[in-house]
Structure formats: structure tokens, C-alpha cells
Amino acid sequence: MVTRKLPYYEFADGIYEIDEFDCVSVFVIVGSTRALVIDCGTGIGDLRWVIENKITDKPYDVVATHNHGDHIGGAGFFDSIYIHPADMDWDSGNTLPTVDFRKSYAKIIADRADKHYDYNLDEDVRPWPKTPEKLPLTDGQVFELGDRTVTAYHCPGHTFGEMVFLDDKTKTLLLGDACNCNYYLAVPEPGREKERIREAKAGLERLRSMKDKYDLMYNSHHDFRGFGNSLYPDIIEDAVHAFDSILDGTATYISVTDPLDPEHKAKTYVSYGRFRVAYQGDGIENVK
């Protein structure tokens, strides 16, 4: 039997964070009539069983913050998933939700954490039984859950279709990978480096302008925050300053170990406060 040992914690009224063995967090928002599942993890073990038997018996929709394999790796165990049209391509790139990627990513995280987890890569990272139906997710789309609503907002940068989700009942903003302490920008098309940085900055400035609508923020990886705990409150402000510094030529560059490199190679980042940003590839220092 595949593992069902996925810990979860209700950190706000009706909002659960499920920890997928330090690989990623899946969030479930439960309303009075429906629920919303945000991301479906790397696909280790039986996430669906945990949701339906431990968290809620209500009908639910599944949405994706973006199309990386650590966020949609479990999509094939659900019937359908909402995702932004810019991220509907699951056939190109180096973070596809293939079994090989999912196993490789899980191993990187386990080796980095130097922990034992109660799962077996060969048994618990399974091929999908089916391909889920992809449903378009649009900016401003509202999910009615009964006594609460959740609104999706487009925030490109990490991917071109990155989405965030705002729960009105608890004033909680779930960021996916749209902002975190170790931020990876999508590799831009040649000649469009500054354009893409401006686009990412504009998305975060929009979230900053909405700060009266949320009290706490949670991203999808709790490497730089405690499980069930929020991100530090100035992270969006620090991220905007970091992007500004790249654009105006005043950036501070640091070289640190890339936490997702299996060989622990160094990577160049731009740093501001507790925030740092690099490309998913290399070359952030070459943006002029």
C-alpha cells in the first residue's frame, strides 16, 4: 500500500497545510459547502486519500499555482485541475511531472534535509492512472465555497502562468512560488530579460497594493518558514526592492549553494533583506 503518512495542520480556520515530505506544501481551504485544493504536490503517496478521509468530505476543486512537477506531480490522481493557460504546456521544460523528475526531485530534497521519510521512491512515486482534464484558470476567478470565497490572481515571474489565491474569510494569501525567500525567475527569452523582471515586479507590486485584504502570507515551500507558519511580513517589499536594484544597476550579488542542485554547486543571486532571486538557470548577474 502506498504511504498515507502526509502530515497536515489547520493553521487558520478551515485552511490546512499538508507537508509532502518537505518537497512542497499542498493547501486545502474548506468552506461550508465546498473545498478548494491548491496544488497536488510531487505525487508521493496517496494525497487524495488524506484529503478525502482526514480533512474534508465536501466536494472540491483542484487548482494549480503553476506547472512545475513538484506542484502538479500528483495531478493524474485527480479528475481535473484548473491552471492558467500560460502554464498548460506540460510537455516541455526540465520540471515536467514525469515519474523520473518526481523521483529525482524527492531524492534531492531528502538528501538535502538528511532525513528519513516513510516512503519508498519506487512504490510511492507512481505513474498517473490518467491525464486530468485541464481547465482554464483566469485572473480574478472566484471559487465560492459557501461561507467563504477564494479569488485567484495572476502573478507571473516564477512561471508565466503563476497564480496566487486569497481567502476572504481569514484574509490569508497563498503565494505558491510567486514569492519566497529563495526565488527562481523563469528563464526569459533572449533580449527580454528586463521586460520579464518588470513583469515579475509589477505582479508583486499589485499584491503589495492589496495588503489591506490579507494579514498573513504562506508560500508553497516551508524551507524558510516553519510548517504551518507564515512568511515574514516584509517579503514582498524586499522582493520589489531586489527587482528595482536589478533594473537600476545597484543590485547586491551573492554566491551561495543552490538548494536544488544535487551537486551542491554555487549559484549567483541578487539579495535584498531576507529575499534572494536567481534565474532557474544561470545569468541573473548578466542582466544590464
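How do the residues of the lining of the largest cavity divide into nonpolar, polar and charged? The close-ups below, taken from a predicted model, start with that space.

**View 1. The largest cavity and its lining.** The structure holds three cavities of 30 Å³ or more. The largest cavity contains about 60 Å³ of space. Its lining is made up of C40, G43, I44, G45, D46, L47, R48, G74, F77, F78 and R126. By class, the lining of the largest cavity has five nonpolar, three polar and three charged residues.

View 2. L47 sits in helix α1, which covers residues 47–55. Is L47 buried or exposed? L47 counts as buried because its relative accessibility is 10%, and buried means under 20%. Leaving aside residues up to four places away in sequence, L47 touches L6, I18, V26, C40 and F78. Two of these partners, C40 and F78, also line the largest cavity, as does L47. E237 is 190 residues from L47 along the chain. The C-alpha atoms of L47 and E237 are separated by 34 Å.

**View 3. The open sheet of four strands.** Follow the strands in the order β12-β16-β15-β14. The sheet is open, and its pairing is mixed. Which strands stand at the edges? They are β12 (182–185) and β14 (252–257). Each has a single partner strand, so one side of each is left without a neighbour in the sheet. From one strand to the next, the twist averages 40°.

**View 4. Where β12 meets β16.** β16 spans residues 275–279. β12 and β16 pair in the parallel sense, over four bridges. Look for Y183: it stands opposite V277 in β16.

**View 5. The largest pocket.** This pocket has a volume of about 760 Å³. It is lined by 33 residues, and the closest to its centre are T95, Y105, Y184, D258 and L260. Which element gives the most to the lining of the largest pocket? The answer is α3, with six residues. Helix α3 covers 99–113. At least two lining residues each come from α3, β12 and β15 (266–272). By class, the lining of the largest pocket has 13 nonpolar, ten polar and ten charged residues.

**View 6. The second largest pocket.** About 400 Å³ of space lies here, in the second largest pocket. Of its 17 lining residues, N67, H68, G93, A186 and Q280 are the closest to the centre. The lining of the second largest pocket divides into five nonpolar, ten polar and two charged residues.

Technical notes:
Residues numbered from 1 in each chain as written. Predicted model: local features only at pLDDT ≥ 70, side-chain atom pairs only at ≥ 80, totals over all residues. Heavy atoms only, no water. Pairing = 2+ DSSP bridges. Axes fitted to C-alpha atoms, helices over the stretch in contact; angles between N-to-C directions. Buried < 20%, exposed > 50% of the residue type's maximum accessible area, 1.4 Å probe, protein only. Contact = heavy atoms within 4.5 Å. 1 Å grid on protein atoms, 1.4 Å probe; cavity = no way out; pocket = protein on both sides within 12 Å on 5 of 7 lines; lining within 4 Å. Points joined across faces, edges and corners; volume = space filled by probe spheres on them. Nonpolar A, V, L, I, M, F, W, Y, C, P; charged D, E, K, R; others polar.
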